[in-house]
Structures are given as C-alpha cells and as structure tokens.
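The sequence and structure come before the text.

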Amino acid sequence: MQKVARLLPEKLTVYTTLVGLLNARNYNFGGEFVEAMIRQLKETLKNNLYNEAVYLVRFLSDLVNCHVIAAPSMVAMFENFVSVTQEEDVPQVRSDWFVYVVLSCLPWVGKELYEKKDVEMDRLLSQIEGYLKRRVKTHVQMLQVWTAEKPHPQEEYLDCLWAQIQKLKKDRWQERHILRPYIAFDSVLCEALQHNLPPFTPPGHMPDAQYPMPRVVFRMFDYTDAPEGPVMPGSHSVERFVIEENLHCIIKTHWKERKTCAAQLLSYPGKNKIPLNYHIVEVIFGELFQLPTPPHIDVLYTTLLIELCKLQPGSLPQVLAQATEMLYMRLDTMNTTCIDRLINWFSHHLSNFQFRWSWDDWADCLTVDLEKPKPKFVKEVLEKSMRLSYHQRIVDIVPPTFSVLIPAEPIFIYKYLDETASTLPGYQLSITLGNAIKNRATNEEILTILKEVPNPNQEDDDDEGESFNPLKIDVFLQTLLHLAAKSFSHSFSALAKFHEILKTLADSDEGKLHTLKVIYEVWRNHPQMIAVLVDKMIRTQIVDCAAVANWLFSQDMAHEFTRLYIWEILHSTIRKMNKHVQKIQKELEEAKDKLEKQQLKRDMDKNSEDEDGQLEEQIERLQEKVESAQSEQKNLFLVIFQRFIMLLTEHLVRCETGSVDISTPWYKNCVDRLQQIFLMHHVTIQQYMGTLENLLFTAELDHHILAVYQQFCALQL
C-alpha cells in the first residue's frame, strides 16, 4: 500500500478508499497504516526524495475524506509545514517545497478541511499568501521557455498554483475532475473511527539537503486552440492542475515502457470531459522543455509521441502538427536551450515519417536575416535530419527555394589534393607522407619524414624539436585524415594507430589549438564528424578540455558561434571533465573504505600493517589526482566564463559606442548559451561559486552579464 502511494499517485483515490474500507472493518489496521505512512514520510524526507514525499502527504490528506484521519490533525500537520516559512537562514527552495505540498493537497482535501476547520484554514492560507508576496523571484527569467508573456503567461509554479487554489476557494471548493470512489461507500465510511496523526515536525535544514528546483508552468494551448469537442479548462482552474499532475504521474510511472505509457495516457479517466490530446501534447512538450533538465531522457518524448500517433492516427498527428506550427511561430522569443531540444525532437520525429512536412508553409523564414531564429531553426533541423538520413535525401525532400538553408554536402576538404596545391608549403611532403602511411610505415619513419617540414614560426632550425610547428600538424593531420575519410571507424583507427605522433605534435597549448583548427578545416562541411573526432581526441588525451573551450571561443570559430554543434561539443567536453573528476573521487572513497575495513581487522591479522602502508600511499596518490582534476575542472569553467564575459563586453561596448540596440539575434543567443552552461552544469558550478564571484562575476561587471549570474544564484536561495 505504501508503495502504491509513492508509485501510482494518479490512482491515489482508489487506494485511499480501500484503506478507508479496511479501517472501517479493522480499526487497528488503520492506526498501523497511518503510523507506517508517517515513518515512510520521515525516511523519504531524510533521503532527499521530495517528489515521493509530496505523494505520501497527498495520500494522507485524502485519507481525511475516507474517515481514516481526523481533519484537525491534518490541519495541524499543514500548519507545521507552513511554519517552515518562518525559519531563518534557510534556502527559499526549502520553504517553497513545504508550501507547495500544502497547496497541492487542497484540490483533494480542501472542502473537507474547510467544513471542519474554516478559521484555521483561513489563517493557514493567509500565512501562505504573506510568504508568496515576499518571495524572491529573480530566477524566473532563467527558467521561462518564452520571454514573451503573450499569448500565454509563463508563470512561476507556486504563483500559478496559488491562483488555482484561490479560484477553487472562490468556487466553494467544488472541483469536477478528481475521481472520488469513496463517495459510493459513504454510509460505511462515516461509521468508522478516525485516527489522529502523530505530531509531525518537519526535519531541520541540512547543508547537504537537495530540494527540488523551482519551475515555470508551461502553457501553449487554451480553449481557443481546441475548437471542437470538450472545452479546455482555464489556466487558473484547479482542474488544469489536477489533469496535468495526473498525466505527469503516468509518464513518471511508465516512462521506461513507451507503449504502456502511451496506452495509459490515452485511457486517462474522464477523457470524454476534456480535450485529452491537447493536454497530453502540452504536458509532453512541457517536460521536454523543462529547465534546467527534462525529468527523463529527451528520446523518451520522441518515441512516446510516435507511439501516441500510431494509437490515435485520426486525431493526435493533427494536434501535434498544430503544436509544431505554434512552436515555430513563437521561435523569436523562445529560449535557445528549448530550441535545441525542439530541433532534436522534430528532426528525429520527421525521420520516422519519411521526412514529410509542409515546408512551403515556413517559406517566411527565407525572407528574413538568416541569423534570426526561424531560418536558423530550419537549417539546424535539416542538418540533424541529414545525420539520420543522407545529403541527397534532404535535397530531394525540401523545396528548391530552401536551397540556402540546406546543409553542405559532408565531404572532406583536402588542401593538398591536386596539382593546383603544388605551390603550398608542405605539398611534396604530404605526398611522401601519404605513401609512407599507405605502405604501413612505422612511427619512427613517419617522424623522420616530419623532421623535414620547415617551421614557419622560426628562422633557425637548431631547436626545431622544442618549438610548436603548425605546418607539421597541418601536413600530418590533413594527410592522415584524408586517407581515413571513408568512415568514422577508419578515422578512429587512424587516430589510434598514430596516437603517439599526434600527442608529440600537439604537446604544447598552441599545438592542441592548431590540431583542432585543422580538424575543423578539413571537416567543416560535416559537423557530426568534427564532434566525434574532438570527442575521441579528448578521450585519448591528444587535446585537453581547456584547449577545446579556447578553440570554440577563438576568432577562427566566431562565424560558427551560434551553430548547435558547437555547443554540443562544449557540453560534451564539460561532461567528460565532470565524469573524470567523479571517477577519481569514487576511487579515493573506495580506497578509504578499504583502509578503514583493514584497520578494523588489524588486531586479528599481524601482516596487515604492510597492506595498510600500501593503501595509505595509494590514498595519498589518489588525493593528489583528485586535487589536480578539480583544479583542471575549475580552470575549464573559468576559461568558459571568462570568454563569455569578453565576448559580451565587447558587444555591449560596440553597441554603446555606435548607439545601436544591443538586442541582436547574436546577443540573445550568447546570453541564452551562458544561462545554458549555468543550468546544465549547476551541481558542479556551485562548488566554485566563491572563485567565480571573486575573479569574474564582480560588482564592476556590466549589469546585463551580472544579471545571468544573479538569476543562477537565486535558483538555490
């Protein structure tokens, strides 16, 4: 039963009715069940499982309707929860959570509590209102899918829920959507003896507590968008909250089985009273666009929508097409992170339906600046579609008028290819090198050939081995990748075979930067190849994470700065760095645990002292590795944020000097990308907040840039 309360919240009232009937039959069962639920709630809060705790409290509150729990003791529990808002020196997210729990239970139990304890409930709601008025909401802007408030305001979740509860109260707590099977058993349940909840004090704030982050409620439809059939409840009606809450719960319960999940969503109780398809599509996109990260992996939402289209071929594809059209129309004010997810979803979706789409309807994107969101969106969708198909297929499916947005053919660009390149420095050596590689020359033989490459950076050849030689990297990497250009596998094999030579050539920081520059030059028409080769080079330590960050922000890549693949490379690089640190930290923890266990055994085994010494040395080495990795990680974030600040400051100064509006498409994109770094890697960045504040995000910084940092800080206030 307790498991059901946590794992099937959408069926909550069915199981509370069952508990009510069992309690009416056996009073002791009811008492034991309530005590077990309270124990479970304490355990859940202790383990930071706040989302599960919401469902446990909601289950308890619905037991009031089933005459298992006495209303006054439920009100007392809610009062204890709301008292958290009076605590000092605690994060706002802690108080938010306790207020949210109380408000989210009221659609189920508000009527019953108001009938029994109206004065106490009025006082409770008045306390909540006071808290909501004094809350800091700096973070909202960072979490909104759209910056525009029209056609639908993007409200903060507590503000929206408060408005819904206010309307419910005004309607005398009458709601028409929750199934209440216990009403049918009222004659049995009203005879049952009720239990008082044991006094429940919310556990105190702990520094390592991880409270749920605030959210913004996603809205894309209202009653005007679903013209036929049942009317969609208004955004401030409590029915909207209940429907969305239940649909989220169904996805949460069944997300690993897309077919079951789709079937459960479509068989939602009361589906004839609401435009269910519109609600489902809105909830799925709401999860996909949730910031900082969706509740589940992105690909779930694609497969779920495909499954829904298969189950409802006559109605759901039309609603989905309508939603896609709406999202396209609102691209100008959409958050760049959400546009990325929309690109990935739409291209994947199209690939499952033969890439059929009414492209002509989007011809308006061809008449505006190609840097604006609409043409950029179409270009990136076609680029991603090509990854899931092939170039000629994309050329064939898109009208000829869209040719300017069709990605280039993903071919290798080899500058030493033919006779016309014979005047280039290194041309003859590239031929010699190509033949040597084809004839399976050893690393030593290749290095001997490379010694003949003149260094354009120096006059004197005496210390050539010590100095960075861009031409050496050019000739070797261009030739090697040209010979291996046939596939990803060929390229990987080439990098593996000549790993030592590449490490030698890219030994210095300039060498690493130049290596990345050459990869871009030869594969600039194939972003996916660039991404996988950079990934491979980081893994094999030919280049490091900081070099990749410096390269992406360099002047050479400025014209590609707003392209999606650039940011995929950067986020992948940061994730690799984070995983590296976590791996060493885990090894260190395991070694410490092992030492602790061995020390406990020491009395029993005389030989263990030698092993202890070895372990202590290992721990010392690992400690140094952890410190070194963390220093590298901190440096990576410093490099990234420093580059962002430089770029944005230059733009702001340029606009101020020329009296030009700062809000260009490039500026919006850059600010959104800065927010994206903060949001996607917030857990890691929080460790280095002090350093960032002291070195980069100081009070002297331009307020446009500082605002992003302040919004991020407000997320965990």
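The sections below go from the whole chain to single residues.

## Basis of the values

This is a predicted model, in which local features need pLDDT of at least 70 and side-chain atom pairs count only at pLDDT 80 or more, whereas totals for chains, interfaces and linings use all residues. Residues are numbered from 1 along each chain as its sequence is written, and side-chain values use heavy atoms, with hydrogens and water left out.

## Overall fold

The protein has 32 helices and zero strands; both are DSSP runs numbered from the N terminus, helices being H or I of at least four residues and strands E of at least two. The C-alpha trace spans about 100 × 80 × 50 Å along its principal axes. Of the 717 residues, 52% are buried. Buried means under 20% relative accessible area, exposed means over 50%, and partly exposed is in between, with a 1.4 Å probe and protein chains only. Of the contacts (heavy atoms within 4.5 Å) between residues at least 6 apart in sequence, 75% join residues at least 24 apart.

Four domains are assigned: domain 1 (1-190), domain 2 (237-404), domain 3 (419-456 + 467-543) and domain 4 (570-601 + 609-714). Their bounds come from an automatic or database domain assignment. The C-alpha centres of domain 2 and domain 3 are 41 Å apart.

## Nonpolar cores

A nonpolar core is a set of buried Ala, Val, Leu, Ile, Met, Phe, Trp, Tyr and Cys residues joined through side-chain atoms within 4.5 Å. The largest one has 171 residues, and F285, F377, F476 and F697 have the most contacts inside it. Helix α28 (residues 608-657) supplies the largest share of this core, 16 residues. A second, separate core of 69 residues includes L45, W97, W108 and W162.

Beyond its neighbours within four places in sequence, F476 is in contact with L433, I437, I446, L450, F498, I501, L502 and L505.

## Cysteines

The structure holds zero disulfides, a disulfide being a pair of cysteine sulfur atoms within 2.5 Å. For C66, which is in no disulfide, the nearest cysteine sulfur is that of C190, 12 Å away. C66 is buried, at a relative accessible area of 0%.

## Aromatic residues

The whole structure contains 40 aromatic pairs. Rings of Phe, Tyr and Trp (its six-membered ring) pair if their centres lie within 6.5 Å; planes under 30 degrees apart count as stacked, over 60 as edge-to-face and the rest as tilted. One aromatic cluster is formed by W146, F218, F285, F289, Y328, W345, F346, W357, W359, W362 and F377.

The charged end of R330 sits over the ring of W146, 5.4 Å from its centre. R215 lies over the face of Y100, 5.7 Å from the ring centre. A charge sits over a ring if NZ of Lys or CZ of Arg is within 6 Å of the ring centre and within 35 degrees of the ring normal.

## Two serines

S347 is in helix α16 (residues 336-351) and counts as buried, at 2% relative accessibility. Not counting residues up to four places away in sequence, S347 touches F355, V381, K384, S385 and L388. S347 and K384 are 37 residues apart along the chain, with their C-alpha atoms separated by 6.0 Å.

S267 lies in the loop between α12 (258-266) and α13 (276-288). S267 is partly exposed, with a relative accessible area of 43%. From S267 to P212, 55 residues apart in sequence, the C-alpha to C-alpha distance is 30 Å.
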